[in-house]
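Subject: Structure handover and contact notes

Hello,

Please find the structure below, followed by notes on what a search of it turned up.

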Amino acid sequence: MTVCAIEGGTTRAATTAEPLPEEPAEPEEPGSPDVRGVPGARDAHGAPTAPGGSGVLGGTCAPGAYGTFALTADASYAARLTLAPGNPGERAWYPERWTLDGPEPYAVPLPLDQPEEPDSQVVPLADGRVLIRRWVADHHAFSLLYPTGPATGELPLGAVECAELTLLPPSPDGRSVYALSAGEGSTALWRVAGGAFGPEKVVDVPGRCSGGAWLDRAGRILALDRRTTDDGPVKAVALDLGRGGELTPLLEITPESNDRLLLADADSGLLLLRSDAPGHDRLGWGVLGSCLPVRFPECLRPADVAVTPFAVQPGQMLMPESCAVGLRIDGAAGSWLGVWRPAGRRLHQFAAPRGWLAGAGFWNRDGVLHLPYAEPGTRCAVARLEAPVDDEHPAGTGPAAGDGAAGATWDGTGTQPSAAAAGPAVCKPVPLGQAPLGGRTGQPLNSGAWATRPYRAGADGDRVGDGGGACDNK
């Protein structure tokens, strides 16, 4: 019998600036203040900030399965659909590209002769162009937009005729964009940008697929959440695009559980996942290609809120437990920020900067979280938050083992203990593609196959698991 790992026991919109032509020599509306609004702080207008922040998204983002505010894999560019100012009912949607890799961020509007529909999706490329998907008649049309003097250039790429199509996060190669189209009994993976002849079908995957997370820096290994039957469980699988879409299992905590992959870091192998294997839906973490147990921390399930990871600190080779993770926390008070490390076992909470584009952000290698925001008078800016230090607390100062944080309240310090000070089981991680597979079925990452291992009960009373065979907990 397999078990799971238990560790430790809407916003209102404001208008944006009028679209202007690009002026590369002089960034528009720069801004990069420190994050404000930690408990007891005040915002830039002198008003107290609550944990939910101001709730202002200074520029309305268009709704969409992906593309509300999309970042390239290297965080050099971002793109979104936003509303031009004007009277309600007369305001038009237009794409906007953000440049984030310079000394100051700035936005470049990319309007065309006709306004965009709010269900269009945009994805930035590493060369500064922006892919846009439009629903036209009975097909999805794709074009590349780019600034050209005072106007916007457009390069049509072609169309895909299907009822349903969802763009995936930008590929790490910086030039390719993929999309999923669900059909009867299978899901088609399309490369809609970066191919030689416009949109091209890459592979048909049996079952209905969703999600999408890249597992490497080359844009070759793509993880998807797949349901093979209408009433069957969802399991994360991996597609090797270098082998024609070869499909292998990635996550299977129990045969009946729904196991979805949310985020993955290619440097450290840290995985953020969501599963109902513990008996109800929980946020958990594991390490790709190592014997480190998958765990479901109590600190990641505070009461009456939803917690969603959106960014993982890169560059932490061999140190997945040291990676800082940015979390969006949604509750009755609005949306605010969480920062957590697997080794720290604490959830630090902060008010979001005014106008934060909720759920958007990226880390640099030094542990600084960059949060894009826009508000009236500041059309494009990035707030910065340095990851807090996880101070070790002596035994007995936290809640009793098993109490967790489900019924705890925020004490105003910006942190929540996850449990007593008992440390998690630790196994030495290894680089991606070089993980030992003793006791597993499958091959290393560089051979294109994946495997999972069953779960066992930990000696400390926590329920831990690592995907097959025992972990020595040393």
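In these notes, a residue is buried when its relative accessible area is under 20%, exposed when it is over 50%, and partly exposed in between, using a 1.4 Å probe and protein chains only. This is a predicted model, so local features need pLDDT of at least 70 and side-chain atom pairs count only at pLDDT 80 or more, while totals for chains, interfaces and linings use all residues. Residues are numbered from 1 along each chain as its sequence is written, and side-chain values use heavy atoms, with hydrogens and water left out. Helices (H or I, at least four residues) and strands (E, at least two) are DSSP runs, numbered from the N terminus.

Backbone

Most residues other than glycine have a negative phi. L318 has a positive phi, near 70°. This residue is in the loop between β24 (306–312) and β25 (325–331), and L318 counts as partly exposed because its relative accessible area is 44%. A137 also has a positive phi, near 55°. A137 sits in the loop between β9 and β10 (139–148) and, at 60% relative accessibility, is exposed.

Salt bridges

The criterion is a side-chain nitrogen of Lys or Arg within 4 Å of a carboxyl oxygen of Asp or Glu. Over the whole structure, 19 salt bridges were found.

One of them joins R134 and E116, with 2.8 Å between the closest N and O atoms. R134 belongs to strand β9 (residues 130–136) and E116 to the loop between β7 (106–109) and β8 (121–124), so this contact ties together parts that are 18 residues apart in sequence. R134 is buried at 15% relative accessibility, and E116 is buried at 6%.

Another salt bridge is formed by the side chains of D267 and R217, at 2.9 Å from N to O. Distant parts of the chain are linked here: D267 is in the loop between β20 (259–264) and β21 (270–275), R217 is in the loop between β16 (208–214) and β17 (221–227), and the two are 50 residues apart. D267 is buried, with 11% relative accessibility, whereas R217 is partly exposed at 46%.

E246 and R243 also meet through their side chains in a salt bridge, at 3.8 Å from N to O. The relative accessible area is 28% for E246, which is partly exposed, and 42% for R243, which is partly exposed.

Aromatic pairs

Rings of Phe, Tyr and Trp (its six-membered ring) pair if their centres lie within 6.5 Å; planes under 30 degrees apart are stacked, over 60 edge-to-face, and the rest tilted. The structure contains 4 aromatic pairs. Among them is the edge-to-face pair of F69 and W98, at 5.0 Å centre to centre and 80° between the planes. F69 is in the loop between β3 (56–57) and β4 (70–71) and W98 is in strand β6 (residues 93–99), so the pair ties together parts 29 residues apart in sequence. F69 is buried at 13% relative accessibility, and W98 is buried at 0%.

W285 and W340 make an edge-to-face pair as well, with 6.4 Å centre to centre and 65° between the planes. This pair links distant parts of the chain, with W285 in strand β22 (residues 282–287) and W340 in strand β26 (residues 334–340), 55 residues apart. Both W285 and W340 are buried.

Regards
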